[in-house]
Amino acid sequence: MTVVYIAIAAALLALTVWNLWTERDWRKQCTAAMVAVPLLLRVLMIK
Amino acid sequence: MIERHHASAAAVCAVALAAAAVAAASFTAHRAPDVVVPGSGVTEVRMLSDWFPGLDGTPGDTEVYVLRGAEPGGSMLVLGGTHPNEPAGYVAATLLVEDARVGRGVLYVVPRANASGFTHNDPQEGAPTGFSFRLPDGSTRTFTYGSRATNPVHQWPDPEVYIHASSGQSLSGNETRNLNRAYPGREDGTLTERVAYGIARLIVGEGIDVTVDLHEASPEYPVVDAMVAHERAMPLASNTVLGLELQGIGMSLEPSPKNLRGLSHRELGDATDTLAVLFESCNPSQGRLRGRTDEALVVEGKDPYYLRAAALGRLYVPFDEGGVPLAERVGRHLASIAELAFSMGMESEDEGLELSGVPGYDEISELGVGAFLSPAPEAGS
């Protein structure tokens, strides 16, 4: 079950980074970056 | 040529990665276990996985310090750190390891019962990651301030509803990581259930006579400065409370509820032959009414909002400008353990546990915890 949840978090992280990369408004890029940080820490099982 | 929004995206990503690296370093540093310096009374240091190999190599495995007396007698297990955000419990257990000596019987001490809970702390609580005591030689000893529950990195995801395995009781999903809702545990359960199972195996394997689970509660919680006892442990607990009252240490005695399942005093008393009790001291850094939650609040126990609550009659313990210092709470736990050991020998000397070297309530309240801790060994020594 844990592996499935890590895969879900990884997919969400990938979509968030893709959204950040294609977004033209820098403020929305910052919002996406703030969402990405906890996702990255969870995918790496740090927090 | 690179587009402008891609340049800003790259810059934002770099800042996010830097922030993640700083956070990761902080979170990873929290995983280092606290130093415990075994005293002259410790005869053996074992791991919980010695009794339940299913914990070997997991973040749930934890040290079990054995203090065996020269003469046979009764046995007691002391659990600290069931909830790593209740510091008096694991600081008291650490002092037992460092200072206690046993003349008769055996004392088993687990300072970090939920070792995984020490590797993180609770989000949105604003709690410090640790607190320190200054020792007489000028050095300091630092203890982790952890979480009430197992680290979600070690046990994830939580279910929507936690169903206690042996009773079917339903609780909030995050209680699945609460060691004191997991007893008697399951051999093939979650990490938290396996830790509970390991502790139950230790009790059965060693024939532990008395099990003490050290906790703290917020000042506005009714069961505070209290001893909760399984019905079989009630005569022993009654003698202990009377002895504490004679020393001027107020302690209420509460029966273990039969319909609240998964707790140590209920399940270990039902599932094993041990006499199970739980102590609660008053922890202002844990309550909902507290103000700024920093190291000073953890150690000194002073809080202006609890003062106001006390004036309004909303607390279950006396609370004045002096607060409820951690030293006093640790002293309360240690005095209760010493009195419990004394009471074990009242009916039969063969079942007694003779303890010495345990700091008394008055001396630890006056001199502080640091006076009774051993200096940490230097790195590499």
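Predicted model: local features only at pLDDT ≥ 70, side-chain atom pairs only at ≥ 80, totals over all residues.
User: Is the crossing of helix 2 of chain A and helix 1 of chain B left-handed or right-handed, and how many charged residues does their contact have?

Analyst: The crossing of these two helices is right-handed. Among the residues that meet are A:Trp26, A:Ala33 and A:Leu40 from helix 2 of chain A, and B:Val12, B:Ala16 and B:Ala23 from helix 1 of chain B. By class, the contact has 16 nonpolar and two polar residues, and the number of charged residues is none.

User: How many nonpolar residues are on the side of chain B that touches chain A?

Analyst: In the contact between the chains, 17 residues of chain B meet 18 residues of chain A. On the chain B side, four residues are polar and none is charged, and the nonpolar residues number 13.

User: Which word describes the direction of helix 2 of chain B relative to helix 8 of chain B?

Analyst: Helix 2 (residues 87–99) and helix 8 (residues 326–347) of chain B have axes 9 Å apart and pack at an angle of about 60°. The contact includes B:Val91 and B:Leu95 of helix 2 of chain B, and B:Arg329 and B:His333 of helix 8 of chain B. Because of that angle, the word for helix 2 of chain B relative to helix 8 of chain B is oblique.

Note on methods. Residues numbered from 1 in each chain as written. Chains lettered and ligands numbered in written order. Contact = placed C-beta atoms within 7 Å. Nonpolar A, V, L, I, M, F, W, Y, C, P; charged D, E, K, R; others polar. Left-handed = near helix turned anticlockwise from the far one by under 90°. Helix = DSSP H or I, 4+ residues; strand = E, 2+ residues; numbered from the N terminus. Axes fitted to C-alpha atoms, helices over the stretch in contact; angles between N-to-C directions. Parallel < 35°, antiparallel > 145°, perpendicular 65-115°, else oblique.
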